[in-house]
Amino acid sequence: MKAIVQDIYGPPEVLRTDEVDRPAARSGEVLVQVEAAGLGPEVWHLVAGMPRVVRLGTGLGRPRHPVAGRDLAGRVVEVGEGVTEFGVGDAVFGTGWGTFAEYARAPVSRLARKPDRVGFAAAGAAPVSGLTALQALRDKARIGPGDRVAVIGAGGGVGTFAVQIAKIMGAEVTGVCGTDKTDLVRSLGADHVVDYPREDFTATPDPYDAIVDTAGHRSVRALRRALAPRGTLVIVGSETGGQWLGGLQRSMGSALLAPLTGHRMPLFLSTEERADLEALAEYMADGRLSPVIGRSYPLEEVPEALRRWAEGHARGKTVITIGTGE
Ligand SMILES: NC(=O)c1ccc[n+]([C@@H]2O[C@H](COP(=O)([O-])OP(=O)(O)OC[C@H]3O[C@@H](n4cnc5c(N)ncnc54)[C@H](OP(=O)(O)O)[C@@H]3O)[C@@H](O)[C@H]2O)c1
């Protein structure tokens, strides 16, 4: 099968299209014919092996899994031993191993059924970013109806999901984004939009009950100024920070600082679970959540897609379409 392969960590140039053996589903897994796969920072981290802490899980000297890609949407073509949840022909979405390929293995615990009315490209855009937004808002910020919530990086991969999910949860949402994305963020339902190159959202007279930061360019001190006295700051991540811990450095620092302040600043790492994928599927099925696809590329253009993403200022999700994406 055709796949995007890397032998070493490095820039997008280390990726090449190659013919590799089609994998087989192992126990508790299915083999999926991939139709679409999202691309974002999680792919960058695995390809670059940066920040270095990721290599503890992916291989110290060189990548343990030579095929890139984590999000996926497609059809089950083979079921592994013990699998009763899905059968051949089922349309699914979630995460797997080496999804920038014609076929990829995926554990059934990280898959859900794709709703019929949702295309493969939209479903393939949703897993990592959608789960991150859902868990940050529901489990860490614990937002509820009427809460004032600010989403920083509202026009990006996680941010476009976060704005929509915060609205579903009944919050009053402020989206903070670059000038070219203000219309997009408003169209996603944000009640207020802050064009960050022109306005400082931390100068608000009405503090926020929760801030979800996916950009990481403001100091924690500045963000706390914009928080209500018992408000919550969820640092989702950033591409800033040192080469060892990257964006984690900032979230670990604020989690340690939190007990000395009146604010909650929990450490946050998203997880991939079927129940949460099913929650996203439900929102997408009834039309309340629509993944925003900024760009899409065919499989062979993954290196170009990654280069463009790394320039910064992503608009929604980048999606690699392997089938038709429909
Ligand atoms: N903790 C976890 O478990 C977890 C899970 C997933 C992702 N992450 C991390 O979360 C971060 C965001 O991921 P993503 O997929 O959303 O990335 P993304 O798609 O690249 O989006 C980032 C967005 O931030 C915006 N931005 C940049 N500077 C900004 C600023 N100063 N103020 C407001 N917005 C700004 C960018 O565009 P504009 O500047 O043009 O608006 C872009 O739209 C990444 O660092 C990723 O590694 C963490």
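Buried means under 20% relative accessible area, exposed over 50% and partly exposed in between, with a 1.4 Å probe and protein chains only. This is a predicted model, in which local features need pLDDT of at least 70, side-chain atom pairs count only at pLDDT 80 or more, and totals for chains, interfaces and linings use all residues. Residues are numbered from 1 along each chain as its sequence is written, and side-chain values use heavy atoms, with hydrogens and water left out.

**Aromatic pairs**

Start with Trp-44, which is partly exposed at a relative accessible area of 23%. A search of the whole structure finds 2 aromatic pairs. Rings of Phe, Tyr and Trp (its six-membered ring) pair if their centres lie within 6.5 Å; planes under 30 degrees apart count as stacked, over 60 as edge-to-face and the rest as tilted. The centres of the Trp-44 and Trp-309 rings are 6.2 Å apart and the planes are at 45°, so this pair is tilted. Because Trp-44 lies in helix H1 (residues 41–48) and Trp-309 in helix H10 (residues 302–310), the pair ties together parts 265 residues apart in sequence. Helices (H or I, at least four residues) and strands (E, at least two) are DSSP runs, numbered from the N terminus.

Next select Phe-201 and Tyr-208, a tilted pair with 6.0 Å centre to centre and 45° between the planes. Both Phe-201 and Tyr-208 are buried.

**Around H1**

Go back to H1 and colour its buried residues: Glu-42, Val-43, His-45, Val-47 and Ala-48. Among the elements they pack against are strand E3 (29–39), helix H4 (127–140) and H10. Just after H1, look at Gly-49, which takes a positive phi of about 65°.

**Nonpolar cores**

A nonpolar core is a set of buried Ala, Val, Leu, Ile, Met, Phe, Trp, Tyr and Cys residues joined through side-chain atoms within 4.5 Å. In the largest, of 50 residues, select Phe-93, Leu-137, Ile-143, Val-163 and Ile-165, which touch the most other members. Domain 1 (2–126 + 291–321) and domain 2 (129–260) both give residues to this core, so it lies between them; the domain bounds come from an automatic or database domain assignment.

Now centre on Val-163. Leaving out residues up to four places away in sequence, Val-163 touches Val-151, Ala-154, Val-173, Val-185, Leu-188 and Ala-190, where contact means heavy atoms within 4.5 Å. Another core, of 28 residues, lies apart from the largest one and includes Leu-39, Val-83, Val-108 and Leu-299.
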